[in-house]
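Have a look at the sequence and the structure, and keep them open as you read.

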Amino acid sequence: MKIGIIVAMDKELQQLQSLFHDKDIMVQKCGIGKVNAALGAQRMINEFRPDVIISSGCAGGNGDDIEVQDVVVSAELCYHDVYCGRAIDDTTVYGQVQGLPARYQADARLLQKATGLNCGVSIHPGLIVTGDWFVDSKEKMRDIIGHFPEAKAVDMESCAIAQACYINQVPFISFRVISDIPLRDTDASMYHDFWDTVAAHSFQVTKTFVESLYE
């Protein structure tokens with residue numbers, strides 16, 4: 001089995017590359033944002049031909065049950081900054097690219113594996129919403145959650161990778177370590193503290209998941 005892992009930033013790449021040394025597991029950095037994420041996913045599909053693609057990285061969290069260093073795994077994904085209007089098609093909903101699914105569902109087998117992990121970290125299956133905005137204010141987070149109150153995590157890449165995988169029929173799932181919770185933080189200090197103190201062992205969840213795929 002060939003497994004592709006996509007991250008957005010050098011910090012994430014360094015954490016994950018140190019965990020994998022198998023030629024059938026490729027870790028690549030795509031860069032930040034939706035366009036970089038989709039291009040990175042397509043490049044990986046074209047060049048590496050993976051059986052599975054995993055998005056791994058950090059995200060802002062939402063919900064009373066979510067804490068920094070918890071992991072949200074994508075049961076489903078959509079965009080928080082896409083609106084195609086209703087002039088042509090009144091069935092397209094907020095967050096949906098017209099002609100594509102309103103929400104991308106994680107591969108059922110991968111989701112079952114992910115939710116069954118026992119690795120000492122709280123894992124929450126749920127909705128991840130993606131957009132080209134680093135959420136560093138309560139006001140912006142409230143705006144996003146107003147559209148998607150059930151969202152567990154907000155990031156800048158996962159749904160774009162999900163869309164590329166959907167088009168190419170490659171099973172996909174996203175793991176997002178919660179680096180900060182914008183509705184509890186006013187100046188993104190949680191995010192900066194995360195990299196200084198707790199990031200290193202958080203990405204072990206992705207490693208444990210990959211190992212489970214070979215069982």
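## Before we start

This is a predicted model, in which local features need pLDDT of at least 70 and side-chain atom pairs count only at pLDDT 80 or more, while totals for chains, interfaces and linings use all residues. Residues are numbered from 1 along each chain as its sequence is written, and side-chain values use heavy atoms, with hydrogens and water left out.

## Helices α2 and α5

Start with helix α2, which covers residues 34-48. α2 packs against helix α5 (residues 158-168) at an angle of about 35°, and their axes are 8 Å apart. Here an axis is a line fitted to C-alpha atoms, for helices over the stretch in contact, and angles run from 0 to 180 degrees between N-to-C directions. The crossing of α2 past α5 is right-handed; that is the word when the near helix is turned clockwise from the far one by less than a right angle, and left-handed is the word for anticlockwise.

Which residues of α2 and α5 make the contact? On the α2 side they are K34, A37, A38, A41, Q42 and I45, and on the α5 side A160, I161, A164 and N168. Contact means heavy atoms within 4.5 Å. Sorted by class, this contact has 7 nonpolar, 2 polar and 1 charged residues. In this sorting, Ala, Val, Leu, Ile, Met, Phe, Trp, Tyr, Cys and Pro are nonpolar, Asp, Glu, Lys and Arg are charged, and the others, Gly among them, are polar.

## Helices α3 and α8

Now turn to helix α3 (residues 108-115) and helix α8 (residues 204-213), whose axes come within 10 Å and cross at roughly 125°. That makes α3 oblique to α8. Angles under 35 degrees are called roughly parallel, over 145 roughly antiparallel, 65 to 115 roughly perpendicular, and the rest oblique.

The crossing of α3 past α8 is right-handed. α3 brings R109, L110, K113 and A114 to the contact, and α8 brings F209, S212 and L213. By class, the residues of this contact are 4 nonpolar, 1 polar and 2 charged.

## Residues in the strands

Setting aside neighbours within four places in sequence, V73 is in contact with L111, A114, T115, I123, H124, P125, G126, I128, I173, S174 and F175. V73 and M141 are 68 residues apart in sequence, and their C-alpha atoms are 19 Å apart in space.

Strand β2 (residues 25-29) holds Q28, which counts as buried at 17% relative accessibility. With neighbours within four places in sequence again left aside, Q28 is in contact with I5, I6, V7, L13, G40, R43 and M44.

## Loops and positive phi

Most residues other than glycine have a negative phi. R49, though not a glycine, has a positive phi near 55°. R49 sits in the loop between α2 and β3 (52-61) and is exposed, with a relative accessible area of 57%. Q169 is not a glycine either, and its phi is positive at about 60°.

## The cysteines

How many disulfides does a search of the whole structure find? The search finds 0; a disulfide is a pair of cysteine sulfur atoms within 2.5 Å. For C159 the closest cysteine sulfur is in C78, and at 6.2 Å that is too far for a bond. For C165 the closest cysteine sulfur belongs to C159, and at 11 Å that is also too far for a bond. C159 is buried at 0% relative accessibility, and C165 is buried at 1%.

Methods:
Helices (H or I, at least four residues) and strands (E, at least two) are DSSP runs, numbered from the N terminus. Buried means under 20% relative accessible area, exposed over 50%, partly exposed in between (1.4 Å probe, protein chains only).
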